[in-house]
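Keep the viewer open as you read.

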Amino acid sequence: MSFTPIIDAQGFAAFPAPAKLNLFLHITGRRADGYHLLESIFQLIDAHDTIWLRVRQDGQVIHHNPIENVPAESDLTVRAARLLQGHTQQQLGVDIRVEKRLPMGGGMGGGSSDAATVLLALNRLWSLNLSRQALMTLGLQLGADVPFFIFGRNALVEGIGEIMTPIETPVAHFVVLHPPVHVPTPAIFGDPELTRDTPSLKVALLEGRADQVELKNDLEPVAVRKFPQIAECIQWLSQYAPAKMTGSGSCVFAQFIADGAEKNASQNRANAVISCLPKEMTGFVSSTLSQHQLLDFASD
Ligand SMILES: C[C@](O)(CO)[C@H](O)COP(=O)(O)OP(=O)(O)OC[C@H]1O[C@@H](n2ccc(N)nc2=O)[C@H](O)[C@@H]1O
Ligand SMILES: Nc1ncnc2c1ncn2[C@@H]1O[C@H](COP(=O)(O)OP(=O)(O)OP(=O)(O)O)[C@@H](O)[C@H]1O
């Protein structure tokens, strides 16, 4: 069923911008231009920002509540709206309000997802009928993870992040911890100690030895070395379940897979863990999404 937004008293419509977790992230090589070849499972989760939009007749794009330290002009929501406007010679504009909940610089793709939601929602509100592929190509200009959110399905991601294969992932709950650090992605990818030769999981799958491959985040050892607060969160969470970093950090998570026989078991386990969280740490529980709520706002 198609998503129907809530409309507030001022006429703004609310659209979710969900986060992602990288269930694992392997670096399998490096291209001549310095970009890294990845293999990763991108999992959509129900933790989200909310993007409030109201169509304007005068063509202006106005951000009503810019995030601290992110000027309106460089906010990815404004850049997404302007990019789409320019690409389609659209005469309409939009008022934007961002209800920010996702940690910034957390490796959960918050800014990218905000941009993807603006592209998907305006595709509908401005009656553009652009295809998913067209929106993904535009979105890539804004950030590496934007195409994934427009793709809208949990996916095995390859290449430098542009090759996506939809996959079924188990229903699960996650405990996500947010260490109080902002990790600069380029510094992690550029670190001389980063391992860039993890064997391809796809090749291992074809050769029938996927069970011998440890699913890890290759960016984690580098991030942990630079930011001990990430190590502290991993250590604490590891008491309860295997814990890993998402993206280039800083957030870390543990997965609790739903057991068909015992309803609510994964949620109860995740809630039990978060209830033990020391007061100096920040975290929350989130669950898997099977697909993006705005999936059908673009045609395939
Ligand atoms: C690692 C991930 O978090 C996985 O979701 C993302 O691919 C990173 O996405 P992002 O933060 O939007 O990063 P971008 O702004 O696209 O890239 C930041 C920098 O990371 C490095 N980078 C990024 C992606 C990639 N496949 N290889 C790289 O080497 C490049 O130095 C690039 O300049
Ligand atoms: N709407 C926005 N929301 C969040 N960050 C934004 C936004 N617009 C611009 N930015 C900039 O993008 C940076 C990265 O934010 P984001 O929350 O996407 O990081 P991230 O979760 O680490 O992303 P990734 O998983 O892609 O590495 C922020 O520090 C901020 O300067």
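How do the residues of the shell around ligand 2 divide into nonpolar, polar and charged? Bear in mind that this is a predicted model. The shell splits into six nonpolar, twelve polar and three charged residues. There are 21 residues around the ligand in total, and those that come nearest are Leu76, Gly109, Gly110, Gly111 and Gly247.

Now look at where that shell comes from. Helix H1 (76-88) and helix H2 (110-125) each put in at least two residues, and H2 gives the most, with four. The shell also draws on both parts of the chain, taking at least three residues from each of domain 1 (13-168) and domain 2 (172-287).

That brings us to the domains themselves. The chain is divided into domain 1, covering 13-168, and domain 2, covering 172-287. Their centres, taken over C-alpha atoms, are separated by 23 Å. Where the two touch, domain 1 brings 20 residues to the contact and domain 2 brings 28. On the domain 1 side, strand E1 (13-30) and strand E2 (36-56) each supply at least two residues. The largest share of that side, nine residues, belongs to E1. Sorted by class, the side of domain 1 that touches domain 2 has eight nonpolar, nine polar and three charged residues.

Next, find the sheet built from E7, E8, E9 and E10. Its four strands run in the order E8-E9-E7-E10, and the sheet is open, with antiparallel pairing. Strand E8 (243-245) and strand E10 (283-287) sit at the edges with a single partner strand each, so one side of each has no neighbour in the sheet. Ignoring direction, neighbouring strands here are turned by 30° against each other on average.

For a look at one pairing, zoom in on strand E7 (residues 172-177) and strand E9 (residues 252-257), which pair in the antiparallel sense over six bridges.

Terms used. Residues are numbered from 1 along each chain as its sequence is written. Chains are lettered from A and ligands numbered from 1 in the order in which they are written. This is a predicted model: local features need pLDDT of at least 70, side-chain atom pairs count only at pLDDT 80 or more; totals for chains, interfaces and linings use all residues. Domain bounds come from an automatic or database domain assignment. Two residues are in contact if their C-beta atoms, placed from the backbone, lie within 7 Å. Ala, Val, Leu, Ile, Met, Phe, Trp, Tyr, Cys and Pro count as nonpolar, Asp, Glu, Lys and Arg as charged, and the others, Gly among them, as polar. A residue is near a molecule or strand if its C-beta atom, placed from the backbone, lies within 6 Å of it. Two strands pair if DSSP finds at least two bridges between them. Axes are lines fitted to C-alpha atoms, for helices over the stretch in contact, and angles run from 0 to 180 degrees between N-to-C directions.
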